[in-house]
Amino acid sequence: MEKVKSYANIAIIKYWGKKDKQKMIPATSSISLTLKDLYTETEIEFIDDAEIKKEVEKNGEKFSGVRDLFFLNSELQDKIHTEKISKVVDLFRTQENEKNKKVKIKTTNNMPTAAGLSSSSSGLSAIIKACNKLFKKNLSQEQLAQISKYGSGSSARSFFGPVAAWDKDSGEIYKVKTDLKLAMIVLVLSKSKKDVSSRDGMERCVKTSTYFEEWVEQSEIDFENMKKYLQDNDFEKVGKLTEENALRMHRTTETSNPPFSYFLPQTYKAMEFVKNLRDKDSEKCYFTMDAGPNVKVLCLEEDLERLAGIFSKKYEIIMSRTVEL
Ligand code: ADP
Ligand code: DP6
């Protein structure tokens with residue numbers, strides 16, 4: 001049995017939209033922080049058909065036809081969810097003698113799953129790491145990141161940290177240089193599973209948003225500027241652009257047909273709270289949101305404890321430093 005741990009990442013320049021689904025070419029380049037305290041732990045081992053049969057008989061029709069066993073947060077996943085993961089494992093079942101190998105995966109997230117807290121990035125990158133070990137492929141971080149994007153685009157950035165980038169033009173996934181010590185505080189406003197997954201959400205935006213073309217154009221400028229601000233260690237500019245880019249991403253949902261939003265009323269309140277802390281109390285903090293209602297606050301590591309103290313009076317929080325990978 002092999003055991004691995006992988007970290008979630010939160011984007012400060014968002015990947016939102018696919019230019020080519022098959023080749024996994026994103027519509028936008030992205031930059032993210034890899035977070036030490038948001039992670040997935042995954043175990044993987046080879047199993048035989050008899051063990052799969054036994055589990056299916058125990059659990060019922062919904063599980064019939066699964067090719068592997070996939071336990072997410074201790075719960076056996078049904079055929080649809082398991083098949084998604086089996087396809088990821090297939091990326092490692094490439095040799096003739098590997099084709100029929102079945103696996104059992106047990107994986108646990110330390111954050112709410114599918115609530116916009118990026119469980120897919122740590123979850124999928126963990127499976128890729130685990131398969132690399134189990135199938136003894138010995139691939140480099142760069143190679144694993146390139147495979148991981150087929151499981152979930154954002155997971156590819158989890159192989160690098162503290163800051164990672166994914167370039168839409170070169171296809172490269174790499175570590176970004178900065179001397180800034182960044183950190184994040186997640187304001188857990190809702191733990192519910194989102195209605196529209198990031199995959200479906202971005203697809204609707206690509207197909208129908210009247211703002212999508214503009215989003216892609218502006219995002220190209222944002223990506224270049226963010227790399228520069230990180231290199232210049234200019235936190236104020238990094239923070240401001242983080243907010244602007246996130247708001248632009250969410251504008252693509254509002255301009256889709258039918259329009260939709262990942263925000264809840266408390267999302268707006270939290271954004272305002274962050275802005276007020278900045279404007280009235282001169283705190284250095286900036287917000288970003290992904291495909292869910294929860295707000296993540298970008299700050300400097302030196303301010304993390306103090307800001308966490310302020311936010312925890314009002315919200316359930318998860319605070320995290322970044323991880324060096
Ligand atoms: P999130 O905001 O949490 O990333 P998504 O809807 O984008 O939400 O992704 C959630 C999906 O990611 C889950 O339904 C599941 O398919 C996958 N996922 C989450 N955690 C894991 C894990 N530990 N191992 C494998 N896949 C996972
Ligand atoms: C809003 O990586 O979950 O978190 O590639 O379809 O699996 P798929 O999508 P996913 O999308 C992440 C979108 C985002 C922004 C980001 O992480 O850059």
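Which side chain has an N or O atom 2.8 Å from an oxygen atom of ligand 1? In this predicted model, that side chain belongs to S120, the pair being a polar contact (N or O atoms within 3.5 Å). A nitrogen atom of ligand 1 lies 2.8 Å from a side-chain N or O atom of T107, and an oxygen atom of the ligand is 2.9 Å from a polar backbone atom of G116. Of the 570 Å² of accessible area that ligand 1 has on its own, the protein covers 92% (Shrake-Rupley method, 1.4 Å probe).

The shell around ligand 1 comprises 20 residues, with T107, N109, S119, S120 and S198 the closest (a heavy atom within 4 Å). Its largest share, five residues, is contributed by α3 (helices are DSSP runs of H or I, at least four residues).

A pocket is an open set of points on a 1 Å grid over the protein atoms alone, where a 1.4 Å probe fits, with protein on both sides within 12 Å along at least five of seven lines; lining residues have an atom within 4 Å of a point. The lining numbers 45 residues, among them K84 and K194, which belong to the group nearest the pocket centre.

Residues are numbered from 1 along each chain as written, chains are lettered from A and ligands numbered from 1 in written order. Local features require pLDDT of at least 70 and side-chain atom pairs pLDDT 80 or more, whereas totals for chains, interfaces and linings use all residues; side-chain values use heavy atoms, without hydrogens and water.

Methods: Polar contact = N/O pair within 3.5 Å; in protein donor to acceptor, adjacent residues only side chain to side chain. Helix = DSSP H or I, 4+ residues; strand = E, 2+ residues; numbered from the N terminus.
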